[in-house]
Amino acid sequence: MEKDRLKEAVFKAIFDRRSIRRYLEQKPNKELIYRLLEAGIWAPSGLNNQPWRFVIVWAEEIKQKLAALTRYHEIVKKASVLIGVFLDKDRMYHQIKDHQSAGACIQNILLAAHASGLGACWLGEILKNEEKVKEVLSLPKEKYELAAFIALGYPDDQSKRASRQPLENFIIKEI
């Protein structure tokens, strides 16, 4: 019985989670953000190499500088906290697999944020300015590869959830 309830909770979290782009002024505490990152690091990775690394951005002046590097500047400026997700090039062994692992890590963080009452948005467009991002964050250019940013905060977003196409539109064939 308990197992079925937990299984349903996982499906509910997956189906209910959505990208939140507006946040209340209340900031989540550091322990909660660390808990989200802990969920992230439990994502699968090839050879269990765990290549992800994080930069947690609380400082308003850094958020302002990062906001200037993306067309989604309002989301970045208004987020209570930003998490930069990077890949440690010294830990990587296969670029595609490591990027897939980073995606799994990010999804874990998004689901954990949703389960914790936070809103989150996966931001990838800023990748086009990766070198400038590393400058703003004072990161060595050669050591880390930017995977994404996650904007986080308590949701102030009442917009409707985006819909999905029917499952049959995605199945190429069943053999």
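Modeller: I will take the sheet. It is open and has 4 strands in the order 1-2-4-3, with antiparallel pairing. Strands (E, at least two residues) and helices (H or I, at least four residues) are DSSP runs, numbered from the N terminus. Two strands pair if DSSP finds at least two bridges between them. Strand 1 and strand 3 are at the edges with a single partner strand each, so one side of each has no neighbour in the sheet. From one strand to the next the twist averages 25 degrees. Angles run from 0 to 180 degrees between N-to-C directions, and the axes are lines fitted to C-alpha atoms, for helices over the stretch in contact.

This is a predicted model, in which local features need pLDDT of at least 70 and side-chain atom pairs count only at pLDDT 80 or more, while totals for chains, interfaces and linings use all residues. Residues are numbered from 1 along each chain as its sequence is written, and side-chain values use heavy atoms, with hydrogens and water left out.

Now the pairing. Strand 1 (52–57) and strand 2 (81–88) are antiparallel and pair over 6 bridges. Val 57 has Leu 82 in strand 2 as its bridge partner. Strand 2 is also joined to strand 4 (144–153), by 8 bridges, and these two run antiparallel. Across that pairing, Val 81 stands opposite Leu 152 in strand 4, and Asp 88 has Tyr 144 in strand 4 as its bridge partner.

Strand 2 is mostly covered, with 8 of its 8 residues buried. Buried means under 20% relative accessible area, exposed means over 50%, and partly exposed is in between (1.4 Å probe, protein chains only). In a regular strand the side chains alternate between the two faces of the sheet. From strand 2, Val 81, Ile 83, Val 85 and Leu 87 point one way, Leu 82, Gly 84, Phe 86 and Asp 88 point the other way, and all are buried.

Helix 2 (30–41) lies across strand 1, strand 2 and strand 4, at about 165 degrees to strand 1. Helix 5 (95–115) packs on the sheet and touches strand 1, strand 2, strand 3 and strand 4, and its direction makes about 10 degrees with that of strand 4. Helix 5 has 21 residues, which at 1.5 Å a residue should span 30 Å, and its end C-alpha atoms are 30 Å apart, in agreement. The expected span is 1.5 Å times one less than the number of residues. The buried residues of helix 5 include Ser 101, Cys 105, Ile 109 and Ala 113. Just after helix 5, Gly 117 takes a positive phi of about 85 degrees.

In soluble globular proteins, nonpolar side chains tend to be buried together. A nonpolar core is a set of buried Ala, Val, Leu, Ile, Met, Phe, Trp, Tyr and Cys residues joined through side-chain atoms within 4.5 Å. The largest one here has 25 residues, and Ile 33, Leu 36, Ile 83, Leu 118, Ile 150 and Leu 152 have the most contacts inside it. Helix 2, strand 2, helix 5 and strand 4 are the elements that give two or more residues to this core. Helix 5 gives the most, 7 residues. Another core, of 22 residues, lies apart from it, with Leu 123, Leu 139, Leu 146 and Ala 151 among them.

Contact means heavy atoms within 4.5 Å. Beyond its neighbours within four places in sequence, Ile 83 is in contact with residues including Ile 33, Phe 54, Ala 148 and Ile 150. Leu 146 belongs to strand 4 and counts as buried, at 3% relative accessibility. Leaving out residues up to four places away, Leu 146 touches Val 85, Phe 86, Ile 126, Leu 127, Glu 130 and Val 133. Leu 146 and Asp 88 are 58 residues apart in sequence, while their C-alpha atoms are 9.2 Å apart.

Last, Cys 105 in helix 5. With neighbours within four places in sequence set aside, Cys 105 is in contact with Gly 40, Ile 41, Ala 43, Trp 52 and Phe 54. A disulfide is a pair of cysteine sulfur atoms within 2.5 Å, and by this rule the count is 0. For Cys 105 the nearest cysteine sulfur is that of Cys 121, 16 Å away. Cys 105 is buried, with a relative accessible area of 0%.
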